[in-house]
Amino acid sequence: MIKHKILRIYNLLLCYFGEQHWWPGDSKDEVIIGAILTQNTNWRNVERALRNLNRTHSLSLEKIIRMPKQELIDKIRPAGFYNQKAERLQKVAYFFVNNIREDIPQDFRERLLDIKGIGEETADSILLYAYNLPYFVIDAYTRRIFYRLGVWKLNIKYANAQAMFHKYLKKDPMIYNEYHALLVRLAKENCNKRPKCNTCPLQKECQKLMVH
């Protein structure tokens, strides 16, 4: 039942919205930096911070490490929580530059989670979008949508939610990437905090139609 629903939702969204070609980022470094900056803010603010870094040719992990902390804070200020994020960015940059080469370690995810300020969602975003590894990202949008669809409770644990996608979908980073991007699109256009159910492509699937 759950397997068929997860597959059906993917196909419905893909037919309705088309391919999303997501995550926005031209390099591994940009994706990693963006994954940190997007914590607790929206992507528009992240884009402003990324543009600040790009204008000074600083959109790389090696340059993040060498940059004076106050300069980094000033550049990423639009993303909010800039003191915390500057510290996290430099720690993450140091980790990647000094530990991750061409060979991906088997405990890559665990080592990412050991870095202060890196949670499961951020780690999996880096693994999926920067390294093309099959980890489905569970964010607030995914939680909300599948709660309203009746698949799980709102307070489901991250690992349990992720396990459903890993169990029922083909272990393919491209599918994980596309599915997550489609969910983000749905959340922004229809299934937000005040849902626009009348134009939602999942009306027939939803158990909480017109929920507020």
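H2 gives the second largest pocket the largest share of its lining, three residues. Helices here are DSSP runs of H or I with at least four residues, strands are E runs of at least two, and both are numbered from the N terminus. At least two lining residues each come from helix H2 (28-37), helix H4 (61-66) and helix H6 (82-99). This is a predicted model, so to speak plainly about cut-offs: local features need pLDDT of at least 70, side-chain atom pairs count only at pLDDT 80 or more, and totals for chains, interfaces and linings use all residues. Residues are numbered from 1 along each chain as its sequence is written, and side-chain values use heavy atoms, with hydrogens and water left out.

The second largest pocket holds about 190 Å³ of space. It has 11 lining residues, with Asp29, Leu61, Phe96, Ile100 and Tyr131 closest to its centre. By class, that lining splits into six nonpolar, no polar and five charged. (Nonpolar covers Ala, Val, Leu, Ile, Met, Phe, Trp, Tyr, Cys and Pro; charged covers Asp, Glu, Lys and Arg; the others, Gly among them, are polar.)

## How the pockets were found

On a 1 Å grid over the protein atoms alone, a pocket is an open set of points where a 1.4 Å probe fits, with protein on both sides within 12 Å along at least five of seven lines; lining residues have an atom within 4 Å of a point. Points are joined across faces, edges and corners, and the volume is the space filled by probe spheres set on them.

## The largest pocket

Here the space comes to about 690 Å³. Of the 22 lining residues, Thr38, Thr41, Glu121, Asp139 and Tyr141 lie nearest the centre. The lining counts nine nonpolar, eight polar and five charged residues.

Both domain 1 (1-22 + 137-205) and domain 2 (28-131) put at least three residues into this lining; the bounds come from an automatic or database domain assignment. Helix H3 (43-55), helix H8 (120-130), helix H9 (140-148) and helix H11 (173-189) supply at least two residues each.

## The chain as a whole

What is the chain built from? It has 11 helices and zero strands. Its C-alpha trace spans about 55 × 35 × 30 Å along the principal axes.
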